[in-house]
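The sequence and the model come first, and notes grouped by topic follow.

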Amino acid sequence: MITSKKWLSQYMDLSDVTAQQLADKMTEAGLEVEGIEPLAQGTNLEIGYVKECVDHPDSDHLHVCQVELAEGCEQIVCGAPNVRAGLKVIVAKVGAQLPEIQIKKSVIRGVESNGMICSLLELGVDPKQLSDAQKNGIEELGEDAVVGGDPLAYLGLDDVLLDVSLTPNRSDCLASFALAKEVGAILHKEVTLPDFKNASDIGEKTQLKVSSTTPKCPLFLGKVIKEVTIKPSPKWIKEILHAAGVKTINNVVDISNLVMLETGQPTHFYDINKMHQDIVVSTGFDTVYTALDGVDYKIEPEDIMITTHGEPVGIAGLMGGDDSKIDETTKGIIIEVATFDYVQCRNTARRLNITSDASIRNSKEIEPGAPKKAMDRCVQLLIEYADAKGIEETAVYGDPHVENTELEVSVERINKRLGTQFSAEEMCDVLKWLDFSPVCEGDRISISVPSYRSDIKIEADVSEEIIRLIGYDRLQSTLPLMEMTQGELDNRQKMNRRIRTLLTQLGLYECESYTLVSQKHIDDAIMGLEPVVELASPMSEDRKYVRNTLLPSMLDVMAYNQNRSVKDLALFELSHIYSEDKNEEHLGIVMSGAMQKSRWQKIELKADFYALKGLAETLLSEFGFEGNRVKIKENDVDTIHFHPYASALIYIGKELFGILGVIHPSMAKKYDVSTDCVIMEANLEVLMNNKASKIKFEGISKYPSVTRDLALVVKKEIKAGDIVDTIKRCDRAIVKNVEVFDVYTGEHVADDCKSIALSILFQSNEKTLTDQEINDVHQKILNALKKECDAELRG
């Protein structure tokens, strides 16, 4: 919101307040002033009269001027194309400080020059407020300008702009009348606003009919004025519009803009000869419409349109049409003042990229009483400055009547909420300056909130008004009372730290991928949650969903690295995934190439299925899940993203913990990663929800161990894990370890069979085992393998 000190001075006496003091007071009260900027800048300026202007003897574009000033005549060399004798001009005398230069006595091509004849651009005036002629030449002052006078005061540029940042709840301050009331309350100054109440309650019977076919327009006021005179606006209106950054056009259009700035209610004037006597607000249009700025806008069915005889004449609340605008031929007008759905106005303005002053105000909640105020002010100004005649009565759709909000607040509760000891008299004084009409009875204060303060709804809002105007410096400085607590990690944080520590120690790197993903990632979800969360307003199609899986995002990271010749990768990620009704924490791992490599020693540990399976088992073992509690089964859940013959499911008890294996070739092609890539996704909630077994420790046996190898021939469908379990069950006391070290198919082995070689470690914690004891257990193992696995010793 841009306002100015001179503008506010129309409503109250600010002669004893500097612009900086005003800004400081407003900021302290919650209306933060982000910038202070003069309309124009320059010292030692004076109005001069060009008595004589001749060409420079040594230049084809410079002129030598004799300029009359208050203290005599000075010679000034000027290069402006429009300088001539008889002009009254702005003169920066020697010693003047302008925004970019300081004026000094000089000699220009052999001719002495004592000052400078200025354009408004050289005084720092906003170029958007100037015509091409003003930009390209010096400023030509009127005949009424007094030689020796202050040119900035004459032009109304002796003003300071205040850039006020409004919080979302204070849209009322977009109206200068409401802002003046606010400043008056802050400074404790009497505010006098123009008296225009009920100025529109006049007029002969009208033929104008206004209506709305949509609930998005609950109120519409229309008024016919048959005769107006189009002419320049008075100086004070031009100065206000200039300070607000609004370009002046003519008196009628300027009055429309002025009323919007004063009341916060956008209005629109139509040329009466370009309109019919029926105006309807409606929606449902699907067309292209040319607005006042000459731009063609694509109108959607939800947009609110102003129509006459079924044809659009304006985009409601945003901009009128080019075919009904006010111009120099206008003889009469129709005034439109209406209330529109601010959410729809904001959506339409954003889509069409319309950022007019009207669109900014209609995109926020406007005071309910503003339409009637705006109509009254329009009629008053049009009568005074546009010679309005032939005024008809106001045509009304909806109910313009507004009641003030009545509240009763408690002094004790307000003090308790604020932590203060303010008296009822202090509170009433603040409320009086805010025009809340307080009536105090003991602890209770009854107030009547003006309609423009629609942000005041409950007692807490009144408390805020009291403290911000009395001053936050009146609050007592106290330390918060907090119980002493011991900082520690919760169980989930401990789990995550242990996982990160273990995996980084094993040579993996942690990565972080983006939480928002595309439809492609959702389609390729692995252990994904449903239903997925779709953003209402995504930044792009690639960031449309909140992810419900980790691996697709991690494959993008792998593809990025592999495409840059990084072939050996081992990455993990810990992150939450989401659905509409729940979220889970998952662990993702992707690996390719070699996990460890020594070219000198010719050692390489490949990142393959078995390496990943070992990582998973090590991780579970770290948390106390091993042995019978962990089951690794054939993957029959997901063979679209995983290789069907090189993947597995990991269960903790009966719950699926994760899926791991070699990536499916089609999936590898889709994500542009190598086909040797191994991947895993695990649900850490399963780890959190299951109680780990207690870790038991045993002393190292001091007795010798014995190792025996077996080569068995079994059917191909027999699993190596079942063979290992069978061997261990035969005698857990002395069978300490069973390791598969070879699997063979081919010559000397039947086509439907395979040869598995195992190494069995025998050892006792109590004594040295004899050959007979080992032989007995060995034979027991062979018998069990024959019975349970149909295994034969390989000859």
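Does Asp387 count as buried, partly exposed or exposed, and at what relative accessibility? Asp387 counts as partly exposed, because its relative accessibility is 29%; buried means under 20% relative accessible area, exposed over 50%, and partly exposed in between, with a 1.4 Å probe and protein chains only. The model is predicted: local features need pLDDT of at least 70, side-chain atom pairs count only at pLDDT 80 or more, and totals for chains, interfaces and linings use all residues. Residues are numbered from 1 along each chain as its sequence is written, and side-chain values use heavy atoms, with hydrogens and water left out.

**Backbone**

- Asp387 sits in the loop between α10 (370-385) and β21 (389-391); helices (H or I, at least four residues) and strands (E, at least two) are DSSP runs, numbered from the N terminus.
- Asp387 is not a glycine, yet has a positive phi of about 55°.
- Asp790, also not a glycine, has a positive phi of about 55°.
- The loop between α21 and β41 (792-793) holds Asp790, which is partly exposed at 43% relative accessibility.
- A cis peptide bond, with omega near -10°, runs from Glu530 to Pro531.
- Pro531 belongs to the loop between α15 (519-523) and β28 (533-534).
- Most residues other than glycine have a negative phi, and most peptide bonds are trans.

- Helix α20 (residues 720-730) has Ile723, Val724, Thr726, Ile727 and Cys730 buried.
- These residues lie on the same side of α20 because they cover an arc of only 160° around the axis; the arc is that of the directions from the helix axis to the C-beta atoms.
- The cover over the buried residues of α20 includes β38 (706-715), β39 (735-744), β40 (753-762) and α21 (771-789), where contact means heavy atoms within 4.5 Å.
- The largest pocket has a volume of about 2,400 Å³.
- Pockets and cavities are found on a 1 Å grid over the protein atoms alone: a cavity is a set of points where a 1.4 Å probe fits but cannot get out, a pocket is an open set with protein on both sides within 12 Å along at least five of seven lines, and lining residues have an atom within 4 Å of a point.
- Grid points are joined across faces, edges and corners, and a volume is the space filled by probe spheres set on the points.
- Of the 44 residues that line the largest pocket, Lys613, Glu617, Ile632, Gly721 and Asp725 lie nearest its centre.
- α20 gives the most to this lining, with 6 residues.
- By class, the lining of the largest pocket has 18 nonpolar, 7 polar and 19 charged residues; Ala, Val, Leu, Ile, Met, Phe, Trp, Tyr, Cys and Pro count as nonpolar, Asp, Glu, Lys and Arg as charged, and the others, Gly among them, as polar.

**Second largest pocket**

- The second largest pocket holds about 860 Å³ of space.
- Its lining has 35 residues, and Val253, Asn257, His268, Leu292 and Met319 are the closest to its centre.
- α7 (251-263) is one of the elements that supply at least two lining residues, and α7 gives the most, with 5.
- This lining divides into 18 nonpolar, 12 polar and 5 charged residues.

**Cavities**

- Residues lining the largest cavity include Ser4, Trp7, Asp159 and Trp236.
- α6 gives the most to the lining of the largest cavity, with 4 residues.
- The second largest cavity has about 40 Å³ of space, and helix α5 (residues 176-187) gives the most to its lining, with 4 residues.

- Ala682 is in strand β37 (residues 678-683) and is buried, with a relative accessible area of 0%.
- Beyond its neighbours within four places in sequence, Ala682 contacts Glu585, His586, Leu587, Phe657 and Gly658.
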